[in-house]
Amino acid sequence: MERTRSRQLFDRASGVMPGGVNSPVRAFRSVGGTPVFIDRAEGATFSDVDGNDYVDFCLSWGPLILGHSHPAVVEAVREAAGRGLSYGACHATEADLAGRVLEAFPSMEQARMVSSGTEAVMTALRIARGATGRSTILKFEGGYHGHSDALLVKAGSGLATFGTSSSLGVPEGFARDTLVLPFDDVEVLEDAFERRGKDLACVIVEPLPGNNGLLEQRTEWLERLRALTREHGTLLVFDEVISGFRLHYGGYGARVGIEPDLVTLGKIIGGGMPVGAVAGPRRLMKLLSPEGGVYQAGTLSGNPVAMAAGLATLDVLRGGGVYERLEALGRTFDDAMDEHAQGRPWLRARRIGSLIWFHLDECEVPRRADAVSGRAIERFNAAYHALLDRGLYLPPSGYEVVLLCAAHTDEQVRTLVAEVARQAEGVG
Ligand SMILES: Cc1ncc(COP(=O)(O)O)c(C=O)c1O
């Protein structure tokens with residue numbers, strides 16, 4: 001495939017934007033080469049500026065569960081834009097979307113709409129600290145919760161010690177308030193709560209971790225986490241920015257029967273527009289300004305066009321059929337994997353609904369970040385450009401999840417598996 005125009009545009013972008021991008025993973029550093037510049041997208045496909053077509057398995061990293069440019073969503077956006085792009089004042093669609101989100105999270109009574117997952121999580125932490133009067137938070141190695149200071153932290157030298165910042169520009173003071181533990185280890189969790197439980201304002205966790213591969217946790221681990229947080233007066237925040245509305249009309253918490261104290265959302269609830277939300281019971285949400293003393297605000301929060309896109313997306317999802325279709329595509333994926341795994345013991349993946357993580361090594365697909373196989377990542381990254389040249393656009397890193405949307409066809413899913421099997425053979 002010829003991608004001359006993409007290369008030219010990337011050169012230009014690199015002159016005026018750091019790394020040529022507005023979000024680092026788009027720069028293709030893990031897989032090498034230069035990024036594809038997209039011209040237009042529809043359904044499960046997009047075309048680049050050189051006229052090449054791709055089946056999109058990245059889907060804007062999660063929001064596009066219906067595929068690109070779903071007619072109902074585009075129509076809602078057009079209609080809203082025709083009435084003004086932003087008011088910075090109250091309008092009806094804000095409460096429509098908040099109400100629609102809350103319907104799907106029965107233990108949550110109020111939501112604040114923001115413009116990104118990062119903001120939603122940042123706000124949840126502030127509520128938790130405001131509610132408990134404690135400053136320490138706990139997160140897990142391999143979880144990603146956006147780029148706020150308190151969360152750009154990695155594990156320190158010993159377990160149950162404070163973390164160290166994982167980004168320049170994050171003062172160690174912030175990192176000292178963040179504890180980082182590995183996933184999938186009940187003993188380490190219990191030990192940390194015994195030593196530090198009374199200091200912990202909240203635990204922030206993706207109940208279905210999807211940012212360092214798909215590190216599905218055992219339900220017993222999540223249940224223990226819920227019990228320990230209750231015992232110690234620590235709030236449990238489920239970061240469902242990826243998992244919210246992804247597997248069913250609601251959160252992953254409901255799927256495993258665990259109720260958090262606060263939920264953070266993003267991606268799907270904006271249908272491709274910049275939207276995030278934090279939701280919780282009234283007793284916690286009333287702490288937010290102007291009712292309470294926890295400050296939070298946003299010029300574009302509750303933006304009418306973004307709210308309309310989110311609402312239209314949730315309307316389609318609520319209308320039925322989408323999750324069944326996604327599961328059917330998932331089964332097609334499983335069957336194709338079985339077929340192509342013959343003679344390829346390294347062809348492995350974890351699939352949960354429409355989330356798929358290829359872990360291309362013979363070992364069991366891991367549940368914690370330090371168990372991810374370097375060889376699996378190398379294999380994926382080495383095969384990436386061959387897949388691209390066959391018109392398959394996957395997230396440009398072996399640590400990222402591949403996504404299915406309602407617009408994919410069974411044939412596209414079968415091609416994905418066949419090409420990964422073929423192209424990853426003998427590389428990495
Ligand atoms: C679980 C999770 N939380 C928070 C975020 C941050 O969201 P945003 O990129 O919208 O700021 C992400 C982004 O990928 C995420 O996956």
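Q: What makes Leu-125 and Val-237 contacts of Cys-202?
A: Two residues are in contact if their C-beta atoms, placed from the backbone, lie within 7 Å. Setting aside neighbours within four places in sequence, Cys-202 has Leu-125, Ala-128, Ile-137, Thr-234, Leu-235, Leu-236 and Val-237 as contacts. Keep in mind that this is a predicted model: local features need pLDDT of at least 70, side-chain atom pairs count only at pLDDT 80 or more, and totals for chains, interfaces and linings use all residues. Numbering starts from 1 along each chain as its sequence is written.

Q: Where does Cys-202 stand in the largest nonpolar core?
A: A nonpolar core is a set of buried Ala, Val, Leu, Ile, Met, Phe, Trp, Tyr and Cys residues joined through C-beta atoms within 7 Å. The largest one has 125 residues, and Cys-202 and Ala-277 have the most contacts inside it. Helix 10 (residues 304-318) gives the largest share, nine residues; helices (H or I, at least four residues) and strands (E, at least two) are DSSP runs, numbered from the N terminus.

Q: Why is this core said to lie between domain 1 and domain 2?
A: Because both domain 1 (4-69 + 321-423) and domain 2 (71-318) give residues to the core, it lies between them. The domain bounds come from an automatic or database domain assignment. As for the general picture, nonpolar side chains tend to be buried together in soluble globular proteins.

Q: Which residues come nearest the ligand?
A: A residue is near a molecule or strand if its C-beta atom, placed from the backbone, lies within 6 Å of it. Of the 15 residues around the ligand, Ser-116, Gly-117, Thr-118, Gly-146 and Val-241 come nearest. Helix 4 (residues 117-132) supplies the largest share of the shell, three residues. By class, the shell has five nonpolar, eight polar and two charged residues.

Q: Is Trp-61 buried or exposed?
A: A residue is buried if 20 or more other C-beta atoms, placed from the backbone, lie within 10 Å of its own, exposed if 12 or fewer, and partly exposed in between. Trp-61 has 20 within 10 Å, so it counts as buried. Ser-69 has 16 C-beta neighbours inside 10 Å, so it is partly exposed.

Q: What is the phi of Trp-61?
A: Trp-61 has a positive phi of about 70 degrees though it isn't a glycine, and Ser-69 has a positive phi too, near 50 degrees. Most residues other than glycine have a negative phi, and most peptide bonds are trans. Trp-61 sits in the loop between strand 3 (53-56) and helix 2 (71-81).

Technical notes. Ala, Val, Leu, Ile, Met, Phe, Trp, Tyr, Cys and Pro count as nonpolar, Asp, Glu, Lys and Arg as charged, and the others, Gly among them, as polar.
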